[in-house]
Amino acid sequence: MDKFRMIFQFFQSNQESFMNGICGIMALASTQLYSAFDFNCPCLPQYNMAYGLGILLVPPFILFLLGFVLNNNISMLAEEWRRPQGQRGKDPAVLRYMFCSMAQRAMIAPAIWVSVTLLDGKCITCAFCTSVPVETLGNASHPLLSQGEIQRVLARIPCKEIYNGQELMANEVAVRYLRCISQALGWCFVLLMTTLAFLVRSLRPCFSQAAFLKSRYWSHYIDIERKLFDETCAEHARSFAKVCIQQFFESMSTDLVAAHCHPPRKTSEDAGEASKKLLGITDQGTMNMALKSWHRCKPPLHLHSPALPSGNGWAGEGQPPVHPSTPRRETAAYYSLV
């Protein structure tokens with residue numbers, strides 16, 4: 001249990017670790033889903049290809065969309081993209097970084113599904129069983145079957161229990177032929193994905209490492225800023241509710257005294273602390289105005305700070321820093337004539 005607790009804490013440490021954990025869980029779920037899926041080819045010339053390619057391509061598309069839905073940054077990306085310009089500019093590089101980061105993670109589960117499906121070979125066998133070269137693998141000069149009947153016989157290759165074309169082509173030969181092609185495509189797909197991931201990881205620092213670091217930093221900043229804003233709003237709402245409830249019970253003090261009830265009063269320290277957390281926003285209209293202002297014109301990313309030393313001197317016109325003079329201590333002596 002301690003190991004699972006440590007893994008869970010690592011996933012909760014930051015947004016990237018959390019999303020990596022979600023993508024890993026989705027990748028495992030995709031393999032388990034495929035192993036539990038009951039593949040039943042229709043064994044009809046008109047539907048084999050649609051069914052086989054549908055099983056190969058439709059679930060990866062659904063998993064790709066789920067990868068975006070489970071990513072918490074999708075709402076943050078949409079909000080940053082659609083918000084007004086305001087006092088803070090929108091950096092397209094940061095938006096591209098956020099979208100590419102989400103897309104890369106969302107592609108893990110679909111890539112694993114396609115790899116497992118191709119290596120298994122059932123989808124390719126079902127989709128392209130009517131394209132098996134009869135001239136090479138079977139008896140193309142069968143005198144009793146027309147071209148349409150040959151297609152219907154070949155469409156039954158994935159269904160071994162109803163296949164009746166052993167005179168035309170052995171079922172094991174056709175299945176092995178299609179499965180070898182499917183496995184070759186699967187290994188090529190795995191090699192392609194691995195090569196692309198290696199190139200992205202290894203070559204990106206060689207070209208735009210500075211731009212990448214800036215985009216990554218401001219992407220993290222947007223995420224942290226949003227979390228802190230939500231926490232501040234929640235804290236303000238808690239303090240606002242606490243003060244409202246206190247004022248409500250204080251307004252009922254007359255009835256409580258009339259009923260000879262003496263409820264314990266809150267100390268002034270608790271009330272003062274709750275009022276301090278309100279930050280001067282004490283009504284609904286002002287709070288709504290603050291929320292609209294945050295959305296429309298976020299404050300610029302510039303902190304006002306005092307002058308700092310630059311180089312060997314101080315910033316400014318070469319003037320040394322002026323230290324505030326220490327206050328003079330004044331003593332008063334009192335003399336008594338007694």
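Reader: Of the 338 residues of the chain, what percentage count as buried?
Author: The model is a predicted one, and its chain has a secondary structure of 13 helices and two strands. The accessible surface of this chain comes to about 24,200 Å², and 63% of that surface belongs to carbon and sulfur atoms. Counted over the 338 residues, the buried share is 27%.

Reader: Is Ala27 buried or exposed?
Author: Ala27 has its place in helix α2, and, leaving aside neighbours within four places in sequence, Ala27 is in contact with Ile108, Ala109 and Ile112. Buried means under 20% relative accessible area. Because the relative accessibility of Ala27 is 9%, this residue counts as buried.

Reader: Which elements give two or more residues to the largest nonpolar core?
Author: The largest nonpolar core has 13 residues, and those with the most contacts inside it are Val132, Leu154, Ile157, Leu168 and Met169. The elements that contribute two or more residues to this core are α9 (147-154) and α10 (171-251).

Reader: Leaving aside its neighbours within four places in sequence, which residues is Ile157 in contact with?
Author: Ile157 is one of the residues with the most contacts inside the largest nonpolar core, and Val132 is another. Once the neighbours within four places in sequence are set aside, the contacts of Ile157 are Cys129, Val132, Tyr163, Asn171, Ala174 and Val175.

Reader: How many residues are in the other core, the one with Val94 and Phe212 among them?
Author: This core lies apart from the largest one, and its members include Val94, Met98, Met102 and Phe212. In soluble globular proteins, nonpolar side chains tend to be buried together. The number of residues in this other core is 12.

Reader: Is Ser215 buried or exposed?
Author: Ser215 lies in helix α10, and, with neighbours within four places in sequence left aside, Ser215 is in contact with Ala93, Val94 and Tyr97. The cut-off for a buried residue is under 20% relative accessible area. Since Ser215 has a relative accessible area of 8%, Ser215 is buried.

Reader: How many residues apart in sequence are the parts that Cys41 and Cys126 tie together?
Author: Cys41 and Cys126 form a disulfide with their sulfur atoms 2.0 Å apart, and this link is right-handed, with 75° about the S-S bond. Cys41 lies in the loop between α2 (15-36) and α3, whereas Cys126 lies in helix α7 (residues 122-127), so the parts that they tie together are apart in sequence by 85 residues.

Reader: How many residues apart in sequence are the parts that Cys43 and Cys159 tie together?
Author: A disulfide joins Cys43 to Cys159, with an S to S distance of 1.6 Å, and the link is right-handed, with 90° about the S-S bond. Cys43 lies in the loop between α2 and α3 and Cys159 in the loop between α9 and α10, so the pair ties together parts whose separation in sequence is 116 residues.

Reader: What is the pairing when the bonded cysteines of the chain are numbered in sequence order?
Author: The count of disulfides comes to two. Cys41 and Cys126 are both buried, and Cys43 and Cys159 are buried as well. With the bonded cysteines numbered in sequence order, the pairing is 1-3, 2-4.

Reader: Which cysteine has the sulfur nearest to that of Cys129?
Author: Cys129 is in no disulfide, and the nearest cysteine sulfur is 5.7 Å away. A disulfide needs the two sulfur atoms to be within 2.5 Å. At 0% relative accessibility, Cys129 counts as buried, and its nearest cysteine sulfur is that of Cys41.

Reader: In which helix is the place of Leu65?
Author: Val58, Phe61, Ile62, Leu65, Leu66, Val69 and Leu70 make a nonpolar surface patch of about 640 Å². The residues 48-69 form the helix in which Leu65 has its place, namely α3.

Terms used:
Residues numbered from 1 in each chain as written. Predicted model: local features only at pLDDT ≥ 70, side-chain atom pairs only at ≥ 80, totals over all residues. Heavy atoms only, no water. Core = buried A, V, L, I, M, F, W, Y, C linked by side-chain atoms within 4.5 Å. Buried < 20%, exposed > 50% of the residue type's maximum accessible area, 1.4 Å probe, protein only. Helix = DSSP H or I, 4+ residues; strand = E, 2+ residues; numbered from the N terminus. Contact = heavy atoms within 4.5 Å. Patch = residues over 30% accessible without salt bridge, like charges linked within 9 Å, V, L, I, M, F, W, Y side chains within 5 Å. Areas by Shrake-Rupley, 256 points an atom, 1.4 Å probe, with all protein chains shown as cover. Salt bridge = Lys/Arg side-chain N within 4 Å of Asp/Glu carboxyl O.
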